[in-house]
Amino acid sequence: MSTRLVLLGTAGGPTPKRSRSAPAQAVVVGSATYVIDCGNGVGRQLALAGIGFDSLRAVAVTHHHSDHNADLGNLLLLAWAANLATPVDVYGPAPVAEMMDAYLTFARTDIETRIDDEGRPDLRALIRAHDLAGPGPVHEDDNVRITAVRVDHPPMDAYAYRIDTADRSIVISGDTRPCPALVELARGADILVHEAIHLPSLDLPLSQTNGTRLREHLLGSHTTPADAGKVAAEAGVATLVLSHLVPADADIPDEVWAAEARRNFTGEIIVGADLMTL
Ligand SMILES: [Zn+2]
Ligand SMILES: [Zn+2]
């Protein structure tokens with residue numbers, strides 16, 4: 001049974017983009033799907049990728065910036081309205097369990113109508129939401145073992161995830177500045193999907209607005225492709241995938257992203273694109 005990684009969305013930031021969808025990844029093992037991050041449009045991207053909604057087993061968000069969680073509830077509701085009828089574990093930093101409860105209250109009219117009108121099972125009984133207790137093991141079943149570490153993405157409580165399957169190890173950085181915990185998590189992994197910001201492309205737009213605070217956040221809470229290359233090299237991963245690209249709509253050629261990372265990493269470098277399967 002071979003493991004597939006599908007990049008569902010490769011843009012960073014909450015504003016909907018014309019060229020890339022918001023952050024989300026699917027790891028598919030046989031007939032089971034594990035989704036990491038639920039940016040806006042994640043359900044549509046699953047449909048475009050041809051991944052069955054009834055295959056969802058677990059969903060984890062790295063942190064609660066809206067580019068990563070805007071469609072967490074929507075994904076589950078819409079999957080259920082399609083054909084999801086089996087339990088799904090949901091993981092994320094606190095208060096993700098409370099957030100799911102609030103979302104299910106928001107969706108109550110639809111849920112109760114479809115139970116009565118279409119004979120659907122109760123979605124509320126299918127969702128098992130868990131606040132992450134801290135770094136360590138997150139989820140284990142017949143297909144995967146998911147582990148988390150806390151990363152550096154101030155002021156958010158943010159995590160990176162590692163998914164180990166029978167044939168592969170895949171690490172998703174989420175949002176972070178370069179951090180030792182991520183290097184340790186990614187040690188020897190087959191694939192590291194790492195966020196990247198292209199600072200030269202941000203200078204002009206930010207200088208034209210009141211971008212100083214935003215620039216400070218970007219520098220203090222995110223990673224350049226060169227530093228992502230350094231993290232990949234230190235961790236000894238085989239393949240570095242640059243994703244969560246900021247700015248996403250700037251038409252920066254793939255070679256520009258890759259060349260920066262190449263300065264520090266001699267392994268395979270892939271510039272992520274929506275619906276790319278690895
Ligand atoms: Zn983000
Ligand atoms: Zn973030």
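The legends below describe close-up views of a predicted model.

**View 1. The zinc ion (ligand 2) and its donor atoms.** In this predicted model, the zinc ion (ligand 2) is held by NE2 of His63, ND1 of His65, NE2 of His153 and OD of Asp175, at 2.1 to 2.3 Å. Because the angles that these four donor atoms subtend around the zinc ion (ligand 2) run from 90 to 165°, the arrangement is irregular. Along the sequence, the donor residues follow the spacing H-x1-H-x87-H-x21-D.

**View 2. The zinc ion (ligand 2) beside the zinc ion (ligand 1).** The two zinc ions, ligand 2 and ligand 1, lie 3.5 Å apart, and Asp175 coordinates both of them. The pair links distant parts of the chain, since His63 sits in the loop between strand E4 (56-60) and helix H2 (66-69), whereas Asp175 sits in the loop between strand E10 (169-172) and helix H7 (180-185), 112 residues apart.

**View 3. The packing of helix H10 against helix H11.** Helix H10, which covers residues 225-235, packs with helix H11, which covers residues 254-262, at an angle of about 50°, and their axes are 6 Å apart.

**View 4. The crossing of H10 and H11, with the residues that make the contact.** H10 passes H11 in a right-handed crossing. On the side of H10 the contact is made by Pro225, Ala226 and Gly229, and on the side of H11 by Trp257, Glu260 and Ala261.

Notes:
Residues are numbered from 1 along each chain as its sequence is written. Chains are lettered from A and ligands numbered from 1 in the order in which they are written. This is a predicted model: local features need pLDDT of at least 70, side-chain atom pairs count only at pLDDT 80 or more; totals for chains, interfaces and linings use all residues. Side-chain values use heavy atoms; hydrogens and water are left out. Axes are lines fitted to C-alpha atoms, for helices over the stretch in contact, and angles run from 0 to 180 degrees between N-to-C directions. Helices (H or I, at least four residues) and strands (E, at least two) are DSSP runs, numbered from the N terminus. A crossing is left-handed if the near helix is turned anticlockwise from the far one by less than a right angle, and right-handed if clockwise. Contact means heavy atoms within 4.5 Å. Donors are N, O and S atoms within 2.8 Å of the metal (3.2 Å for Na, K and Ca); water is not among the atoms, so sites may look incomplete. Four donors count as tetrahedral if all angles lie between 85 and 135 degrees; four count as square planar and six as octahedral if opposite donors are over 155 degrees apart and all others between 65 and 115; anything else is irregular.
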